[in-house]
Amino acid sequence: MARNGKPLEKLGTFMPLADAKEEAKHVTLDFARTKYWLGVGAQPTDGVRFLLERAGLLPPRPLYPNVRRTAEPAPAPQ
């Protein structure tokens, strides 16, 4: 959505404060519509991406994105 605009579609909610009775944070998410929007190129913010990774809709980001992995084994210590 635009900064002060109306959202295109509400895909879910997140309650970051734990409920006093249950002591749990609540997340609701419409998986089908979220998959649709990701499929047509929607780019989630970092916070939303974290929640989608936890829900299993996106693969986790690498811990060290600038480190190249090579097929060669590391040299043996001498």
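**Group meeting: salt bridges and contacts in a predicted model**

The structure holds 4 salt bridges. By salt bridge I mean a side-chain nitrogen of Lys or Arg within 4 Å of a carboxyl oxygen of Asp or Glu. Side chains of opposite charge can pair when their charged atoms come close.

A word on the ground rules. This is a predicted model, where local features need pLDDT of at least 70 and side-chain atom pairs count only at pLDDT 80 or more, while totals for chains, interfaces and linings use all residues. Residues are numbered from 1 along each chain as its sequence is written, and side-chain values use heavy atoms, with hydrogens and water left out.

Now the layout. The chain has 2 helices and 2 strands. Read from the N terminus, the order is β-β-α-α. Helices (H or I, at least four residues) and strands (E, at least two) are DSSP runs, numbered from the N terminus.

How much of the chain is buried? Of the 78 residues, 6% are buried. Buried means under 20% relative accessible area, exposed means over 50%, and partly exposed is in between, with a 1.4 Å probe and protein chains only. The accessible surface of the chain is about 7500 Å². Carbon and sulfur atoms account for 57% of that surface. The areas come from the Shrake-Rupley method with a 1.4 Å probe; for residues, only the protein chains shown count as cover.

Next, contacts, meaning heavy atoms within 4.5 Å. Take those between residues at least 6 apart in sequence: 20% of them join residues at least 24 apart.

Back to the salt bridges. Which residue pairs with Glu9? Arg33 does, with the closest N and O atoms 2.8 Å apart. Glu9 sits in the segment before strand 1 (12-15) and Arg33 sits in helix 1 (residues 31-39), so the pair ties together parts that are 24 residues apart in sequence. Glu9 is partly exposed, at 30% relative accessibility. Arg33 is partly exposed too, with a relative accessible area of 29%.

On to Arg61. Its side chain meets that of Asp46 in a salt bridge, 3.7 Å from N to O. This pair links distant parts of the chain: Asp46 is in helix 2 (residues 46-55), and Arg61 is in the segment after helix 2, 15 residues apart. Arg61 also forms a salt bridge with Glu53. There the closest N and O atoms are 3.3 Å apart. Asp46, Arg49, Glu53 and Arg61 are linked in a network of salt bridges.

Is Glu53 buried or exposed? Glu53 is buried, with a relative accessible area of 18%. Asp46 counts as exposed, at 57%. Arg61 is partly exposed, at 40%.

Now the strands. Thr13 lies in strand 1. Val27 is in strand 2 (residues 26-29). Leave aside neighbours within four places in sequence, and Thr13 is in contact with His26, Val27 and Thr28. Val27 and Phe14 are 13 residues apart in sequence, yet 4.5 Å apart in space, C-alpha to C-alpha. For Thr13 and His26, also 13 residues apart along the chain, the C-alpha atoms are separated by 8.0 Å.

Stay with Thr13. Its side chain makes a polar contact with the side chain of Thr28, at 2.6 Å. A polar contact is a pair of N or O atoms within 3.5 Å; within protein, one must be able to donate a hydrogen and the other to accept it, and residues adjacent in sequence count only if both atoms are side-chain atoms. Thr13 is partly exposed, with a relative accessible area of 37%.

Another threonine: Thr34, in helix 1. Thr34 is buried, with a relative accessible area of 4%. What does the side chain of Thr34 reach at 2.7 Å? The backbone oxygen of Asp30. Beyond four places in sequence, Thr34 touches Leu11, Leu29, Leu52 and Leu57.

Last topic: aromatic rings. A pair of aromatic rings is described by the distance of the centres and the angle of the planes. Rings of Phe, Tyr and Trp (its six-membered ring) pair if their centres lie within 6.5 Å; planes under 30 degrees apart count as stacked, over 60 as edge-to-face and the rest as tilted. A search of the whole structure finds 1 aromatic pair. The rings of Tyr36 and Trp37 have centres 5.3 Å apart and planes at 75°, so the pair is edge-to-face. Tyr36 is partly exposed, at 41% relative accessible area. Trp37 also counts as partly exposed, at 24%.
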